[in-house]
Structure formats: C-alpha cells, structure tokens
Amino acid sequence: MDDKLKILADLMFPDVTKTILDYEKMYPERDLKEGAIVSRFAPSPTGFVHMGSLLSAFEDNKVAKDTNGVFILRIEDTDQKRSVENGIVGILNDLKNFDIIPDEGMIDENNSVGNYGPYIQSERKEIYHTFAKSLVLRGLAYPCFCTSSELDETREIQELNKERIGYYGSFAKCRNIPVDEAINRIKNGEEFVVRLKSPGDFNKKIILHDLVRGDIEFPENDLDIVLIKSTDKLPTYHFAHLVDDHLMRVTHVMRGEEWIASFPIHDQLFSIFNFKKPNYAHLGLVMKIDESGTRRKLSKRKDPEASVEYYHQEGIPKEAVKLYLMTVANSNFEEWLDNNPSDDFSDFKFDFKKVSASGSLFDVLKLLNISKNYFGRQKASTIYDNLLVWTSEFDKEFHDLLVKYKDYSIKVFNIEREVEKPRKDYTSYKSIRNFVFYMYDELFKNPTYDTPKITDKKEIETILNTYYDEYLELNDKDLWFSKIKEMCDKLGYASNIKDYKKNPTNYKGNVSDVTGLIRVSLTSKMNTPDLFYIMELLGKDKIKERFTKYINTIK
RNA sequence: GGUCUGUUGGUGAAGCGGUUAACACAUCACCCUCUCAAGGUGACAUUCACGGGUUCAAACCCCGUACAGACUACCA
C-alpha cells in the first residue's frame, strides 16, 4: 500500500527533489529576542494599495518595529488574473509614501532581501509541491478529478436538499478512489487538483483564539479543500498560507475579518503538519456610509478616498495619514497623542487588545482635523520645504513662485505660526494656496472681491486715502492698531466695539467695518490672518497699489 | 440553507457586574477678538439594536429575535 502511494505521489509531483526537512534546515527558526513579532503583508501584485490594506500593512509594520521583529512583504500571485505589470513596484511606492518599509521580501519587481525567500509565491512552486506530496504519502491528500460542472451539480443538489454546501463526506467523490485507479487516470493524462483528505468532524467543536476577538467556537473543518490547483499547479491561499507563514517563521498573522471563516481550515492544516501555530488577529473592515445611508466596505472602484494615491494628490501630509491610521488601529492612541503631541509615535506601543473588532467608518473629517493639527505643529520652513515638493508635482505655477520668493514665502507661512497658539487653518498642501494667494501679485491679477460692510465708493475712497496718507503705520502692531482707531474716531466710526453696540445709531459703523474694508481691498477676502502681519509683509508700495486697484473696480 | 463576526450619541469610540455612560471629531451657544483659524467655557446618549432571563444591582453574564457584514470557488 505504501509503495502504491509512493508511485502516486511521484506521479503527481514529478518536480519534487527535496523533503520538508530540507526546507526546515534552509529556513531555520529565527534568532530573535523574546517577544519579537514576525509579521507579513501579502498583497496580490495589483499595482496599488487600498485604504483597508494600507491599514493592515501599517499595523504589520508597526507591530514588527515595536518589538524589533521582522516585517515581510510577500507577493501572492497564485491567481494570475489579479496580477498587473509592475504591480509590485506600485505597491512598494504606495507603502513608501507612508514610510512603511518592509525589512524583508520584495524590494522591486524582481529583487528581494532576506534569507527566507523566494518572496513571490509563483516562484515557490516546488516548495508547495514538496509539502503536498508528503500529505499524499501520508494518505492525507488525494487527486481529485471532478470537473467544474460536476462540482456545480453537487452544489445544486446540496442547495435543493438544503444541505451544507461543499466538498465533504459522501459529496467528496474522489476521496475514496482506489490508489490504482488514481494512478491510471493520471497516467492517462486526466486533469486533477489535489485535495486535503480532511480528518475533521463537523459535529465536533473547536475553540480558536483570536487576538482581537478572543475565543471563537467553530465546528471542525471537514471540507476537502483544494491544496493545489489543476492548470498551473499553484497552491490555493489556504495552502500557501500554511507553507509560507511556517517557513518564513511568521509569528503573527494579521488579516481582514473575511478570513475568520477559514480559520478552522488553517488551524487544521497546521495541526496536520504539527507546525507551531501563528497568532491570529482578524481586523475589522474599513467601511463607509453609502449615499443610501447604509454601511458598506470601502470600495476602490466607487470611492476615490479608498485609494492611497488620493491622499498624495490631495496633499494630505503622510504624517497626518499615519496619525489617522494609528488612531483607527488602536483606540487609546488619541489619548496618548494628547499627552505626547508629536509626529513621532514610535514610543507608542501597538496593542492587539485595543484593536476594534467592528469595522470602523472611514472619517475624512477626522483625518482633516488631524492634518490641521499637524500643520499647527510645523515650522514655516518645514512647510515651505514640503510644499515645494508637493507643488513640483501638482501645482507648477505656485511652485515657481515659491522658488522665486523663497524667503518671502517662508515669512508668509510664518504669520502667526511659531508662537504659543499657532494658526491651524491649513488642512493640506493643496489648501495652502487658497490661504496665501493674495500675498503674491502674480496670483492677484483678477481677484474676486468679497463685499465689505462699507460699499459706498466715495466713502471707500475717503477711508483708504485718509488711511494711507495720514494713519499708515507698519513698524509696530499696537501702534498700527491705535492709528486705525484714531482714524475711526475722526471719520465717525466707533473705535470701541462695545461703545458701538450700546449706541449703534451714533456711528457710521465701527472699527471692524473699517479694517474689513482694508482687508478686502488688500486681499479680496473678508477673512484672513492678522491684518497687521499681512500689511507688514506687503509693504507700503503694494498697499497703495492695491488700494488704487480696489477703488478702480468699484462702480 | 449552513458557519462565523459585529451592533454604545451625527461619527470614531472608552467601558469587562455598582461610573454623573470617559475621550476625540462634528454640531450649537457663549467668551476672547479688527475678520477668520485657533483657544476657553458650556450644551448635546434618562440610555448602550430589540425582547426575555440571572442578580440586591446588567451596556457589561445567559437565551432568543432583528439588522448589518463576511465566508460557503481550482479568488485572495
């Protein structure tokens, strides 16, 4: 009997030259400190990273770095339909944009670092075959010749009889084909997949532990799942997971909750081989609210914000996205951030217990808020440098101005910045232009003016001319303002707003109406940062120019 | 049909048998103020999907139900 199995196994896997033991020696247990976590991100080479995957890659990376472990990038290309040209580089770039750098695995389309490779599944065929072959030898796997139409048929029967769907028990037609017959059919060139001869019993319960959900009770797996596919002889996800994560000595498998259902399969596989089982953490999915008001998985196709590239284009700083990801990853992070306001959170330790089990809603508003606070912490020169990089790709016109007026630009960004309570108005690099455009003549050619309180042309002329001729003061902020108040008193506007509120009819208006007019004439906007600083930077000549320009636009 | 997961305010959530049900975002009000952005103060869940049960005591434990989601492929 054993001899026959050997003949069968050799026939099924003619390419196998090594044994499992050989591989155990090639990929020995890692020599890492106690508690070090080996994690892996294993995408298909689709060329881009979706927000949900980014979160899990981010967490994989974080956990490995926290513990001085290893973070591996492995490419799962066992389904050729999912592969795309230069798909690996695309993924690597998306990760790199958020400072997620794998310690081990693929570093470009064809090369890798690390001693546990290859890191592309299609190049590991012989390894999978070796493991599958050992199962055949032990009578725990068998060739299955069922065609897809046969499979469909049994499924239909199962549906009709309201029976559990799947390839198991008496529905596993090829499970008990005599070895002789199997040998002959293979010799005759019949196509086959290799299936696990599951030793499980659906009526028995097992309890599996998940790092975020705790213990989960399942029936044992009794499905004879496919291990190796027929046409390309590549493994299925389940089998590749077993072989790769064992041989790469992965300690923690973090994946989406869509994998919970196959947890029993994976546990069984590890048991059969008597391999040390990894820890599992099944993460909640990233959701969004649909137009119809229902929750659904964030979709790459429908939702621009699902694509990681979107944040790059929008100019959301990667630091802000990372901060946001961390708040989604661990619910206690925000509190920590409050006490440690910084963009470097390497001191914050990821905790599986603080991972939410339910899918979280993707909250763009929150991201923007985090981003705003991030900008609040930055120096003007840092903002300048980063903005220069962003505009070089997305806003050529602005970029050229930044280069031309470097020192001036830094001063502009510094308005109310490096002080105790800095401004928090920028939300993204993209948004900055709208906050500062009026500081550049080149961007102020045809402004659309907001409408100030004071609209009468004659009055406007009087105020602006009087101000420029008699009260303009740019050396000191306090003096600047007291001069404006002085003028208000002279022209019939209340210099003190409280006085104005008491007796509004005694005045033509109040200081804020006057400064509002000056503000609009200079910037076209009703709302801006501190007017004094703006005027200080603009300088006398430009102020005159803009007063005139404004007066000329009024009818 | 089967298996599994989840359900706390507009949103993200804390909570693990006794809490005024944290905190953050958003919203609103007031204060500060030359306008904004900020900042400060306060408001915002009589209640934790629903119905039962256990208990002196339940958002927390048990049982049902509903809803949402995942899986049930030679896709991952």
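Me: What makes the three strands in the order 5-6-9 an open sheet, and in which sense do they pair?

Reply: In this predicted model, the three strands follow the order 5-6-9 with antiparallel pairing. Strand 5 (141-144) and strand 9 (226-228) are the edge strands; each has a single partner strand, so one side of each is left without a neighbour in the sheet. From one strand to the next, the twist averages 45°.

Me: How do you know that strand 6 and strand 9 pair?

Reply: The criterion is at least two bridges between two strands. Strand 6 (residues 193-196) and strand 9 have two bridges, in the antiparallel sense, and therefore meet the criterion for a pair. One residue of this pairing is Arg195, whose bridge partner in strand 9 is Val226.

Me: What joins strand 5 to strand 6?

Reply: Four bridges join strand 5 to strand 6, and the two run antiparallel. Since at least two bridges are required, the four found here qualify the strands as paired. Within this pairing, Ala141 stands opposite Leu196 of strand 6.

Me: What is the order of the open sheet of four strands, and what kind of pairing has it?

Reply: The order is 1-2-3-4 and the pairing is mixed. At the edges are strand 1 (38-41) and strand 4 (112-113), each of which pairs on one side only. Strand 1 and strand 2 (residues 70-73) run parallel and are joined by four bridges; Val38 stands opposite Val70 in strand 2. Helix 3 (residues 51-66) packs on this sheet and touches strand 1 and strand 2, with its direction at about 160° to that of strand 1.

Me: Which residues have the most contacts inside the largest nonpolar core?

Reply: They are Leu54, Leu55, Phe58, Ala320, Tyr324, Leu325 and Ala329, in a core of 85 residues. Helix 11 (residues 318-329) gives the largest share of this core, eight residues. Phe58 is in contact with Phe98, Ile100, Leu325 and Ala329, its neighbours within four places in sequence being left aside. Apart from this core lies another, of 29 residues, including Ala9, Tyr142, Leu196 and Ala240.

Me: How do you know whether chain A is a compact globule or more spread out?

Reply: For 555 residues the globule rule gives 24 Å, whereas the radius of gyration of chain A is 34 Å, well over that value; chain A is therefore more spread out than a compact globule. The C-alpha trace spans about 110 × 50 × 40 Å along its principal axes. Chain A has 22 helices and 16 strands, and 33% of its 555 residues count as buried. Of the contacts with a separation of 6 or more, 72% come from residues 24 or more positions apart.

Me: Into which domains is chain A divided?

Reply: The assignment gives domain 1 (2-16 + 125-283), domain 2 (378-443) and domain 3 (457-553). Between domain 1 and domain 2, the C-alpha centres lie 58 Å apart.

Definitions and conventions
Residues are numbered from 1 along each chain as its sequence is written. Chains are lettered from A and ligands numbered from 1 in the order in which they are written. This is a predicted model: local features need pLDDT of at least 70, side-chain atom pairs count only at pLDDT 80 or more; totals for chains, interfaces and linings use all residues. The radius of gyration is taken over C-alpha atoms; the globule rule is 2.2 Å times the number of residues to the power 0.38. A residue is buried if 20 or more other C-beta atoms lie within 10 Å of its own, exposed if 12 or fewer, and partly exposed in between; C-beta atoms are placed from the backbone. Two residues are in contact if their C-beta atoms, placed from the backbone, lie within 7 Å. Axes are lines fitted to C-alpha atoms, for helices over the stretch in contact, and angles run from 0 to 180 degrees between N-to-C directions. Domain bounds come from an automatic or database domain assignment. A nonpolar core is a set of buried Ala, Val, Leu, Ile, Met, Phe, Trp, Tyr and Cys residues joined through C-beta atoms within 7 Å.
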